[in-house]
Amino acid sequence: FVFEPCGPHPVGALDLLTGPASDNGGGVLARLFYPALAAPGAGHPYTEPEYVRGLLAFSNWGSWLSAFLCWGFGRLRLNCAWQAEPLRPAQPLPVIIFSHGLGAQRHIYSSLCLELASRGFLVAAVEHRDGSASMSFDVVDGQRRWLPMEAGQLNDFPRRHAQARWRAGECLQLTEAVLALGRGQPPGLIDPNRVHLMGHSFGAATALTTLATTPEAVYKTCSLLDIWMHPVDPEHYNNVKIPVLFLSNEIFHWEANAQRVQAVLDAIESEEMKANLSIRGANHAAQTDAGLYLSAWLSRRIGLADSLHPRDAVLLTARICLAFIARHEGRVDLTEEDRVLLRGEHPDCFPGVKFKPNGGRIGARE
């Protein structure tokens with residue numbers, strides 16, 4: 001298994017495809033993670049060879065690695081019960097809609113999604129089909145048509161903002177599809193009043209764009225993980241009307257990006273509606289599965305992780321996001337440790353955002 005979740009529930013998973021890729025509501029592709037009745041057993045294959053080749057192309061790694069990595073990834077398993085019957089909890093399940101970063105795919109954040117689902121959430125991880133995923137697919141006449149990543153400059157604002165708008169539409173389509181599942185049989189599985197947004201990097205920019213272009217009543221909170229602000233229209237900075245968490249990694253941001261984050265925070269008048277925290281010793285890949293594929297030492301050596309252990313980074317991210325959600329759902333079960341996390345007083349996190357002038361892999365090229 002890539003990752004062993006710590007929550008009290010076994011996790012089930014399945015893929016959802018509602019229709020063909022389109023920027024005007026055609027359909028959406030996603031993986032759902034949820035509390036399940038069944039134990040994981042042998043799990044489910046982590047990925048497919050086409051997705052590995054897409055990641056290799058995005059990472060500019062040599063094609064000679066393809067056969068070896070396809071074999072290696074083929075041995076990885078998701079710690080889930082595939083298409084298992086969902087748990088029937090005493091209360092309907094809250095929902096998290098998760099948007100991935102540039103060059104990612106729906107399963108690259110499986111460790112974080114598994115952890116959140118094991119804590120009692122239905123997590124719907126969208127795979128964006130706007131050309132920003134390193135690989136995806138459509139279905140035409142019953143056959144898969146593979147959709148590799150489209151080439152483009154990082155600093156092309158019109159293109160990246162157009163993608164953010166397309167992606168925001170997919171987030172809303174996925175939200176509607178999940179809520180429709182909750183109205184089906186058996187009814188009452190999903191709580192339509194406890195739907196939360198979450199995203200990483202370009203996915204965080206997507207979540208912020210979704211907030212600005214969606215009625216307030218749809219989502220309860222929004223957690224933005226190491227956000228890349230460049231694709232977000234500055235006109236949207238003033239349109240945040242629900243509680244927002246900016247959760248950054250220590251080793252990513254640059255001055256322009258940090259200033260844009262601060263501009264959004266400044267536009268939110270209520271201190272209770274916002275939180276701005278960073279994870280110490282974490283780089284931009286900390287919320288992904290990347291650091292978990294190899295040993296922690298090797299992951300650090302090749303830049304997939306920094307000083308914080310990759311598993312600890314995923315667990316800390318989940319704990320902070322869940323504490324933020326609990327606070328804004330009005331729950332009274334916050335522990336003192338939760339409050340310490342949200343104040344940025346935990347040893348592995350701190351308030352605010354660090355940046356270096358001209359720093360950041362994306363920022364240096366923006």
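## Salt bridges

In this predicted model, glutamate 48 counts as partly exposed, at 27% relative accessibility, and its side chain meets that of arginine 144 in a salt bridge with an N to O distance of 2.9 Å. The pair links distant parts of the chain, since glutamate 48 is in the loop between strand 3 and helix 1 (49-59) while arginine 144 is in strand 9 (residues 143-148), 96 residues apart. Arginine 144 is likewise partly exposed, with a relative accessibility of 40%.

Aspartate 130 and arginine 167 form another salt bridge, in which the closest N and O atoms are 3.6 Å apart. Aspartate 130 lies in the loop between strand 7 (122-127) and strand 8 (135-140), and arginine 167 lies in helix 4, so the pair ties together parts that are 37 residues apart in sequence. Both partners are covered: aspartate 130 counts as buried at 6% relative accessibility, and arginine 167 is buried with a relative accessible area of 0%. A further pair joins glutamate 250 to lysine 354, with 2.9 Å between the closest N and O atoms. Here glutamate 250 lies in strand 12 and lysine 354 in the segment after strand 14 (349-351), so parts that are 104 residues apart in sequence are tied together; lysine 354 counts as partly exposed, at 42% relative accessibility. The count comes to 17 salt bridges, and Asp15, Arg31, Arg106 and Glu127 are linked in a network of them.

## Nonpolar cores

The largest nonpolar core has 53 residues, of which Phe33 and Val123 touch the most other members. Helix 8 (residues 310-328) gives the most to this core, contributing 12 residues. When residues up to four places away in sequence are not counted, phenylalanine 33 touches a set of residues including Val11, Ala13, Cys113, Leu114, Phe121 and Val123. A second, separate core of 50 residues includes Val28, Val126, Leu154 and Ala164.

## Buried helices

Helix 3 (residues 110-118) is largely enclosed by the rest of the structure, because nine of its nine residues are buried; among them are Ser110, Cys113, Glu115 and Ser118. Glycine 120 follows this helix and has a positive phi, near 105 degrees.

Helix 5 (residues 202-212) is mostly covered, with 11 of its 11 residues buried, including Phe202, Thr206, Leu208 and Ala212. The cover over these buried residues includes strand 6 (93-99), helix 4 (157-182), strand 10 (190-200), strand 11 (222-225), strand 12 (244-251) and helix 6 (255-267).

## Cysteines

The count of disulfides comes to zero. For cysteine 80, the closest cysteine sulfur is that of cysteine 113, and because the two sulfurs are 11 Å apart they are too far for a bond; cysteine 80 counts as buried, at 0% relative accessibility. Cysteine 171 is in no disulfide either, the nearest cysteine sulfur being that of cysteine 222, 9.3 Å away, and cysteine 171 is also buried, with a relative accessible area of 0%.

## Loops and surface

Leucine 37 is placed in the loop between strand 2 (29-35) and strand 3 (44-45). Apart from its neighbours within four places in sequence, leucine 37 is in contact with Pro10, Glu85, Pro86 and Leu87. From leucine 37 to arginine 88 the separation is 51 residues in sequence and 8.2 Å in space, C-alpha to C-alpha.

Leucine 294 is found in the loop between strand 13 (274-283) and helix 7 (296-301), where it is partly exposed, with a relative accessible area of 37%. Together with Trp61, Trp297, Leu298 and Ile302, Leu294 makes a nonpolar surface patch of about 500 Å².

Definitions and conventions. Residues numbered from 1 in each chain as written. Predicted model: local features only at pLDDT ≥ 70, side-chain atom pairs only at ≥ 80, totals over all residues. Heavy atoms only, no water. Patch = residues over 30% accessible without salt bridge, like charges linked within 9 Å, V, L, I, M, F, W, Y side chains within 5 Å. Areas by Shrake-Rupley, 256 points an atom, 1.4 Å probe, with all protein chains shown as cover. Salt bridge = Lys/Arg side-chain N within 4 Å of Asp/Glu carboxyl O. Helix = DSSP H or I, 4+ residues; strand = E, 2+ residues; numbered from the N terminus. Buried < 20%, exposed > 50% of the residue type's maximum accessible area, 1.4 Å probe, protein only. Core = buried A, V, L, I, M, F, W, Y, C linked by side-chain atoms within 4.5 Å. Contact = heavy atoms within 4.5 Å. Disulfide = S-S within 2.5 Å.
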